[in-house]
Amino acid sequence: MGSTDLLQAFRNSLETLVKLTTEQVLPKWLERALEKNGLVYPRFDRKWRPKPGGLCTLVTQSRSIHNFARGYALTGDAQYLSALQRATDALVHYFRDPAHGGWSWSCTPEGDVADASKNAYGHAFVAFALVHAASQLDEPAYLTRAEETLELTLQRFGDRHGGIIWWMSREFQD
């Protein structure tokens, strides 16, 4: 197979992935996962029925924000833009820790903090999500929060050896 054939195979695969994502996967998340308060419920069975006991996590909320932003960018469907706004507002409202800075790891679907500990991976996803939200919603405040989150992540999660501390307490104690 020559390079031209490989490139065409890649393009075909990418088109298939985009079609699958925009026609099957994202519509299900839009229909089932977004709670009225904007939080994203993460636990479903194979038939998209909610499984009990699920918590809304920083990573799930942030990934969903990115997915709604991409859904809007790929389809122009205003439902994705609305979901993006609601999910981003919920991220800031329910996960942000105004007392100690940073972002709590999880909350209940009703919005009560379930685990206030701090997670470096989750903070990276917050910055990723907020950049995408800022670009699609034309909201500079989200970009500012993304920059603050990156700065906080480097300052608070960094260890003396140049690495990153994965989990920390709410007060950023390891």
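A polar contact is a pair of N or O atoms within 3.5 Å; within protein, one of them must be able to donate a hydrogen and the other to accept it. Keep that in mind for K118, where a polar atom of the side chain lies 3.4 Å from the backbone oxygen of G101. Welcome to this predicted model, a protein chain with 5 helices and 5 strands. The points below start with the whole chain and then visit a few places in it.

**The chain as a whole**

- The C-alpha trace spans about 55 × 40 × 30 Å along its principal axes.
- The protein chain has 174 residues, and 39% of them count as buried.
- Its accessible surface comes to about 10,100 Å², with 52% of that belonging to carbon and sulfur atoms.
- If you take the contacts between residues at least 6 apart in sequence, 53% of them join residues at least 24 apart.

- K118 sits in strand β4, which covers residues 118–119.
- Is K118 buried or exposed? K118 has a relative accessible area of 0%, so it counts as buried, the cut-off for that being under 20%.
- Besides the oxygen of G101, the side chain of K118 reaches the backbone oxygen of R170, at 2.8 Å.

**Helix α4, from cap to end**

- Helix α4 runs over residues 120–137, which makes 18 residues.
- From its first C-alpha to its last, α4 reaches 26 Å, close to the 26 Å expected at 1.5 Å a residue.
- The N-terminal end of α4 is capped by N119, which has a side-chain oxygen 2.9 Å from the backbone nitrogen of Y121.
- Buried residues of α4 include A120, H123, F125, V126, L130 and L137.
- What covers the buried residues of this helix? Among the elements that do so are α2 (58–75), α3 (78–95), β4 and α5 (140–157).

**Helix α1 and the nonpolar patch**

- L14, L17, V18, L20, V25 and L74 form a nonpolar patch on the surface, and together they have about 450 Å² of accessible area.
- Helix α1, residues 3–33, gives the most to this patch, with 5 residues.
- One of the patch residues is V18, found in helix α1; its relative accessible area is 30%, so V18 counts as partly exposed.
- N12 also has its place in helix α1, and with 37% relative accessibility it is partly exposed.
- How far apart in space are N12 and T144? They are 37 Å apart, C-alpha to C-alpha, and 132 residues apart in sequence.

**Two loop residues with a positive phi**

- Most residues other than glycine have a negative phi.
- W48 is not a glycine, yet it has a positive phi of about 65°; you will find W48 in the loop between α1 and β1 (56–57).
- D138 is not a glycine either, and its phi is positive at about 50°.
- Where is D138 found? D138 lies in the loop between α4 and α5, just after α4.
- D138 is exposed because its relative accessible area is 67%, and the cut-off for exposed is over 50%.

Methods:
Residues numbered from 1 in each chain as written. Predicted model: local features only at pLDDT ≥ 70, side-chain atom pairs only at ≥ 80, totals over all residues. Heavy atoms only, no water. Helix = DSSP H or I, 4+ residues; strand = E, 2+ residues; numbered from the N terminus. Buried < 20%, exposed > 50% of the residue type's maximum accessible area, 1.4 Å probe, protein only. Patch = residues over 30% accessible without salt bridge, like charges linked within 9 Å, V, L, I, M, F, W, Y side chains within 5 Å. Areas by Shrake-Rupley, 256 points an atom, 1.4 Å probe, with all protein chains shown as cover. Salt bridge = Lys/Arg side-chain N within 4 Å of Asp/Glu carboxyl O. Expected span 1.5 Å × (residues − 1). Contact = heavy atoms within 4.5 Å.
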